[in-house]
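Visitor: I would like to go through this model and ask, for each label, what it rests on.
Guide: Then let us take the labels in turn.

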Amino acid sequence: MFSIKQPKEIVFGKNSAHVYKYPENSLVITSLGVKKRNWIEYLQLKNYYIFDQVGPNPSIDVITDIINEFSGANFSNIIGIGGGSCLDVTKFVASKLNIKKILISTTFGSGSDVTRISVLKVDGKKRSFHDDSFFADVSIVDSNFLSNTPEHIKKNSAIDACAQCSEAFDSKSGNEYTKFVCKKAFENLESGIINNNDEQLVFGSMLSGLGFGNCSTTLGHALSYVFSNEGIAHGHALAYTTTAAHKFNSSSFYERFLKIVKKLNFSNITLKQNLEKASLTIFEDWKHLDNNPKTIAKNDIIGLLEVINSQNAL
């Protein structure tokens with residue numbers, strides 16, 4: 001027996017974020033990058049408040065900052081627009097305030113707009129929170145945002161989505177539904193990347209979120225967070241950590257994932273901290289490791305980190 005959970009409503013299509021009728025008096029949570037690209041104007045909002053200071057890998061402290069800053073404001077709902085960081089913050093704030101939320105992804109990699117997961121830093125370390133209250137009341141998926149997305153953001157997001165659905169397909173927590181959706185997600189993402197088809201990329205990203213959001217990612221994500229904590233972009237880290245994890249797990253996606261990583265031409269990454277210390281942090285990530293298709297020991301983790309640091313991981 002299994003259950004399927006997803007947002008109450010998903011609005012999909014090019015220009016959908018532009019024509020959607022948003023409620024007035026919204027609080028918009030976003031980043032300076034989104035504001036700079038004039039995407040707030042694209043939404044055609046009326047009478048809104050805005051917090052535009054969400055940065056990469058945000059701390060849980062920003063939740064309190066936002067709630068305190070707008071404690072006297074009379075907003076009817078919250079609109080989160082941006083990459084995974086903006087959406088994860090929006091989900092947490094809306095949950096704390098018990099208010100409706102509209103999530104609009106602009107990067108198409110995190111899957112945050114359709115999942116019950118929020119990833120924030122706690123005491124300097126990334127931590128994933130899982131709760132049904134994080135689901136969007138409305139998720140809007142509009143490929144038009146890719147038209148002026150910087151190339152490094154686009155490729156980091158694309159490989160993030162590829163890692164999510166391929167790890168989730170192999171997850172022990174998966175089922176017939178998640179395997180079907182994750183397989184379709186990877187096929188669309190793979191074709192979208194190889195053939196430069198933005199519509200397939202966006203559709204594959206949405207499917208990936210629906211797939212892994214109903215099971216879990218695994219070893220590749222567990223390995224990635226120690227790199228992200230040192231400032232390496234999440235997608236960039238996953239290009240290497242999920243490749244190493246797929247090889248360790250003898251995943252059917254290993255060769256196809258490796259081909260995509262090579263096409264996107266990611267530079268090498270290196271973990272600066274002591275590998276023994278890093279392995280202890282990773283080994284505590286039971287949410288990912290317990291669902292890995294193969295049992296993994298601490299020495300296995302150290303070995304994988306050594307391979308990644310060797311500059312010969314690919």
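Visitor: Why are D132 and R116 called a salt bridge?
Guide: The model is a predicted one. In it the closest N and O atoms of D132 and R116 are 2.6 Å apart. The cut-off is 4 Å, so the pair counts as a salt bridge.

Visitor: What does the D132–R116 pair tie together?
Guide: D132 is in the loop between β7 (125–130) and β8, and R116 is in the loop between β5 and β6 (117–122), so the pair links parts that are 16 residues apart in sequence.

Visitor: Why does D132 count as partly exposed?
Guide: Its relative accessibility is 36%. Buried needs under 20% and exposed over 50%, so a value in between is called partly exposed. R116, with 21%, is partly exposed by the same rule.

Visitor: Why is P58 called buried?
Guide: P58 has a relative accessible area of 9%. The limit is under 20%, so P58 is buried. P58 sits in the loop between β3 (49–51) and α4 (61–69). Not counting residues up to four places away in sequence, P58 touches S85, V89, L120 and K121.

Visitor: How do you know that the buried residues of α11 line one face of the helix?
Guide: In α11 (residues 254–264), Y254, F257, L258, I260, V261 and L264 are buried. Seen down the axis, these buried residues fall within an arc of 160°, so they line one face. E255 and K259, on the other side, are exposed. The buried residues pack against α6 (151–170), α7 (176–194) and α10 (234–249).

Visitor: What makes β5 a mostly covered strand?
Guide: In β5 (residues 101–105), 5 of the 5 residues are buried. K101, L103 and S105 point one way, I102 and I104 the other way, and all are buried.

Visitor: How do you know that β5 pairs with β4 and with β8?
Guide: Strand β4 (residues 77–82) and β5 share 5 bridges in the parallel sense, and 3 bridges join β5 to β8 (residues 138–141), also parallel. At least two bridges are needed, so β5 pairs with each of these strands. Among the bridge partners are G82 with S105 and I102 with V138.

Visitor: Which residues touch the most other members of the largest nonpolar core?
Guide: L43 and I104 do, in a core of 75 residues. The largest share of this core, 8 residues, comes from α6. Leaving aside neighbours within four places in sequence, L43 is in contact with A17, H18, Y22, I79, I81, I104 and F145. A second, separate core has 19 residues, including L27, I78, A94 and F134.

Conventions:
Residues are numbered from 1 along each chain as its sequence is written. This is a predicted model: local features need pLDDT of at least 70, side-chain atom pairs count only at pLDDT 80 or more; totals for chains, interfaces and linings use all residues. Side-chain values use heavy atoms; hydrogens and water are left out. Buried means under 20% relative accessible area, exposed over 50%, partly exposed in between (1.4 Å probe, protein chains only). Helices (H or I, at least four residues) and strands (E, at least two) are DSSP runs, numbered from the N terminus. The arc is that of the directions from the helix axis to the C-beta atoms. Contact means heavy atoms within 4.5 Å. A nonpolar core is a set of buried Ala, Val, Leu, Ile, Met, Phe, Trp, Tyr and Cys residues joined through side-chain atoms within 4.5 Å. A salt bridge is a side-chain nitrogen of Lys or Arg within 4 Å of a carboxyl oxygen of Asp or Glu.
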